[in-house]
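Dear colleague,

Please find the structure below, handed over for your reference.

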Amino acid sequence: MTEQKQLWSHQPPAIEYLNAHPASMLDAFMGVGKTFIQIQNVRHVAAGPRGRTLVLCPSAVLGVWRREFSIHAPEEFDVVILDGNQNSSKKAERVNEALKVQQAHLRPLVVVVNYESFWLPAIWNVLNSVLWDKLVGDESHRTKSFRAKCSMHAWKIGKRSGSRTALTGTPMPNEPGDIFAQYRWLEQRIFGIFWGAFKQEFAVMNKFIPQKVDKWINLDVMNEKINRIRYHIPRSVLVLPDKQDIRIEVNLSPSGMKIYQQMKKESIAFIKKQMDGMDEDQVRTAVGSNGAVQFLRLLQLAQGYVTDDEGDEVNTDTEKRRALMDLLQDLDEPVCVYGWFKHDLACVERCCEILGRRYGEISGRRKDLTPHAKMPEDIDVMGVQCKSGSAGIDLTRSRIGVVMNSGLLSPGDYDQMISRQHRPGQTHDVLYYHLVTKNTVETKLIDERGRKRDIVDVLLSELKEDEVF
C-alpha cells in the first residue's frame, strides 16, 4: 500500500485506535486530518473486494469526501456521492446500480449520503438492505436530537454495521445530553437505548416544562463512559499562520439607538415578568427559551432592522451596513463575511451589487462551493450564514474574514466557524474584522463569548446589570 501523503505525527496513533476499536468517536479539532484518518481505517476494515462503507455527513461535506478519497485512496474504491438535485428515487437507483457493479467487478464500495436524505423511504430501503462493513457519521453531532428521524435511522443502520466511527470536533455543542443519541448508534451498550434511563441518571428535569433539563449531574460518570471509546486530538497539534482580530465599533444613529433602548426596556420587562416567583433553575430555563427570543430582536436592531408582528422587516438604522460597505470597498481581495440572520447576507449581497463584486453564499438556501467544498475562484465575496459555515467547508482561498453578526453562537461553534479560513491549507496570516454595534447586547455577547461563557449566563448577566428597567 502506497501512502499518498506524509503522515503527521498525531495521525498514526489515531489510525491504530480506530483499527483496534469497532466502535469509536474521533473527537478532533478541524484541520487535523479526520477524514484522512478515517480513510485509512476504511482501508483496514472494508478494503476487501466485497467491502462496503456508508458515510453519513452534512450536505456541505459531500464534496470533501469526494476530494479526500481521490487524493488519499485514488482508484482503490468505487466512491458514490449522492449529491446533486436528484430526487430520493434516483439516488436509490444509483446505490442499487453501484451494488450491482460491485458484484460484477468485486471492488470495495463507498457510499456517501447526507443526513437530510438517507432516511427518506426510497433511499432507506436500499441502504437498510445492506450489511455495511463500516458506518461513518461525519460531524456526528448532527445526530444529537434523539427523537429526530436522522438520529433514529442512524441507530437502526448502526446495528447492521460491523464497525462504526463518529467524527466530530464538538461532541456536545449545546449540552451534555447531546452525547446520548450519538452513542446510541455508535455503541449502544455504553449509555443504553432509552432516553428516560439516561436522563434519570444524568439530568434533573424541570417540574413545570416537559423535557426541559434544569441541570446535569454525575458528569464524572458520564465522562468516564464517553472516554471508553473516545480518541481526542486537540487543536494544539496544529501549526498555523498567525491570526489577528480587529474590532470596528459602530454607533447607532440617535434615532436607531432610541428605538433600540425602547425595545430593550420592553423586552427586559417581559422577561422579568415571566421570571417572577421562579427559583434559580426555573429562571435559567425561562431565559434560555423566551429570553433568547427577546434578545434576538435586540440583535436585529443592532444590525439596523427589526421584524414586526406581521413578519415584515422594518429598517431602523443604516450604520452597520455603511461600515460594511466602507470595509468591503477597501478590500481588493477575496473576503468572507459572516452573518447570523438572512437579512445580514442580503445586506452583503446588496453591497456587492453596488461595488460590482461577484457574490457567493453559504446558507440554508445556497451552497456556492466547488465540488470539493471550497471557495470558487469566480467569487469575490462569500456571504456565510454562521451555522452553515461551521461544518466541513474550506475557505482558505480567503485570508480576510468580516464578522458582521455572530448571533447566539456558542464559543465552540464560533471557533469552528472562523476556523474555516484559519486552518491547514491557509498559507497567509488571517485577519478578522469584527463589526460591533456599541452599547448593545451584541457587545456583551462578543465579550463574554471570548471568556467562554455560556449564552444563558450572558443573558442573565445582562438582566442583573440593567436594574434600571
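Eleven of the 13 residues of helix α2 are buried (under 20% relative accessible area, with exposed meaning over 50% and partly exposed in between, for a 1.4 Å probe and protein chains only), so α2 is largely enclosed by the rest of the structure. This is a predicted model, in which local features need pLDDT of at least 70 and side-chain atom pairs count only at pLDDT 80 or more, while totals for chains, interfaces and linings use all residues. Residues are numbered from 1 along each chain as its sequence is written, and side-chain values use heavy atoms, with hydrogens and water left out.

Helices are DSSP runs (H or I, at least four residues), numbered from the N terminus. The buried residues of α2 include Phe36, Ile37, Ile39, Val42 and Ala46.

Helix α2 packs against α3 (residues 62–72) at an angle of about 60°, the axes being 10 Å apart; axes are lines fitted to C-alpha atoms over the stretch in contact, and angles run from 0 to 180 degrees between N-to-C directions. Contact means heavy atoms within 4.5 Å. On the α2 side the contact includes Phe36, Ile39 and Arg43, and on the α3 side Trp65, Glu68 and Phe69.

Elsewhere, Glu442 belongs to helix α16 (residues 441–450). Glu442 counts as buried because its relative accessibility is 2%.

Yours sincerely

Technical notes: Helix = DSSP H or I, 4+ residues; strand = E, 2+ residues; numbered from the N terminus.
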